[in-house]
Amino acid sequence: YEDGKVRVEARGVELDWTPWMLLRERIGITRLAVASLDWNSKTREPPTLPQTLRLPLALQLGQGSVGVLRYRNPDNTVQVSKLAFGLRGDGVGYHLDAATAETPWGRLSGTLQLGAQAPFALRGQVALQGRQPPPLAVRATLAGTLAEIDVAAGATLGQIEASASAV
């Protein structure tokens, strides 16, 4: 996919799905694996939110994975690997289940619920377990909307503990 602001390229895509579930107005995907996914933003402007994320059919993805995800913009590149997740969705919202990923900062895990209609209600839990000593552990609770995410976080670094909240 490419337009004036973004280019998205997926390589090594494997899909196992159940076509007969379309008769039940559902997209049933047993497994979706992507070897690499490159997201190249050509602008520094933050993306604008759509009015809806609603799909015309319910969605059930049992096992999703991305080997390497690269996000690039004119100022920065972030690479995440070994993404694994499950995803369910209907006309009301989406549930990201048991998501895990390896980031430059450590292993990320969490769950997320996102509304399908603006203002996109959001609720979730995330945790980051650092790889480098001293051991870093961060836990956060997410709430609010996609445009205004409320974050309450706690962290430990060795014997030091801290907490914070922000919108």
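Q: Which residues make up the largest nonpolar core, and how should I read that term?
A: A nonpolar core is a set of buried Ala, Val, Leu, Ile, Met, Phe, Trp, Tyr and Cys residues joined through side-chain atoms within 4.5 Å. Buried means under 20% relative accessible area, exposed means over 50%, and partly exposed is in between, with a 1.4 Å probe and protein chains only. Here the largest such core has five residues: Val 34, Val 66, Val 80, Leu 83 and Ala 101.

Q: Good to know; what kind of model am I looking at, and how is it numbered?
A: This is a predicted model, in which local features need pLDDT of at least 70, side-chain atom pairs count only at pLDDT 80 or more, and totals for chains, interfaces and linings use all residues. Residues are numbered from 1 along each chain as its sequence is written, and side-chain values use heavy atoms, with hydrogens and water left out.

Q: Which residues is Val 66 in contact with, leaving aside its neighbours within four places in sequence?
A: Contact means heavy atoms within 4.5 Å. By that reading, and with those neighbours left aside, Val 66 is in contact with Val 34, Leu 37, Ser 81, Lys 82 and Leu 83.

Q: In what order do the strands of the sheet run?
A: Strands (E, at least two residues) are DSSP runs, numbered from the N terminus, and two strands pair if DSSP finds at least two bridges between them. In this model, ten strands form an open sheet in the order 1-2-3-4-5-6-7-8-9-10, with mixed pairing. Strand 1 (6-18) and strand 10 (160-166) stand at the edges with a single partner strand each, so one side of each has no neighbour in the sheet. From one strand to the next, the twist averages 10 degrees; angles run from 0 to 180 degrees between N-to-C directions, and axes are lines fitted to C-alpha atoms.

Q: Could we zoom in on one pair: over how many bridges do strand 8 and strand 9 pair?
A: Strand 8 (residues 136-144) and strand 9 (residues 149-157) pair over nine bridges, in the antiparallel sense. Within this pair, Ala 143 stands opposite Asp 150 in strand 9.

Q: Is Glu 102 buried or exposed, and what does its side chain make polar contacts with?
A: Glu 102, in strand 5 (residues 93-103), is buried because its relative accessible area is 18%. A polar contact is a pair of N or O atoms within 3.5 Å; within protein, one must be able to donate a hydrogen and the other to accept it, and residues adjacent in sequence count only if both atoms are side-chain atoms. The Glu 102 side chain makes one with the side chain of Arg 107 at 2.9 Å and another with that of Arg 131 at 3.1 Å.

Q: Where is Ser 36 placed, and which residues does it touch?
A: Ser 36 is in strand 2 and counts as buried at 11% relative accessibility. Not counting residues up to four places away in sequence, Ser 36 touches Glu 9, Ala 10, Arg 11, Val 68 and Arg 70.

Q: Which backbone angles deserve a look around Pro 119 and Phe 120?
A: The peptide bond from Ala 118 to Pro 119 is cis, with omega near 15 degrees. Pro 119 is found in the loop between strand 6 (106-115) and strand 7 (122-129). Phe 120 is found in the loop between strand 6 and strand 7, has a positive phi near 60 degrees without being glycine, and is buried at a relative accessible area of 1%.

Conventions. Helix = DSSP H or I, 4+ residues; strand = E, 2+ residues; numbered from the N terminus.
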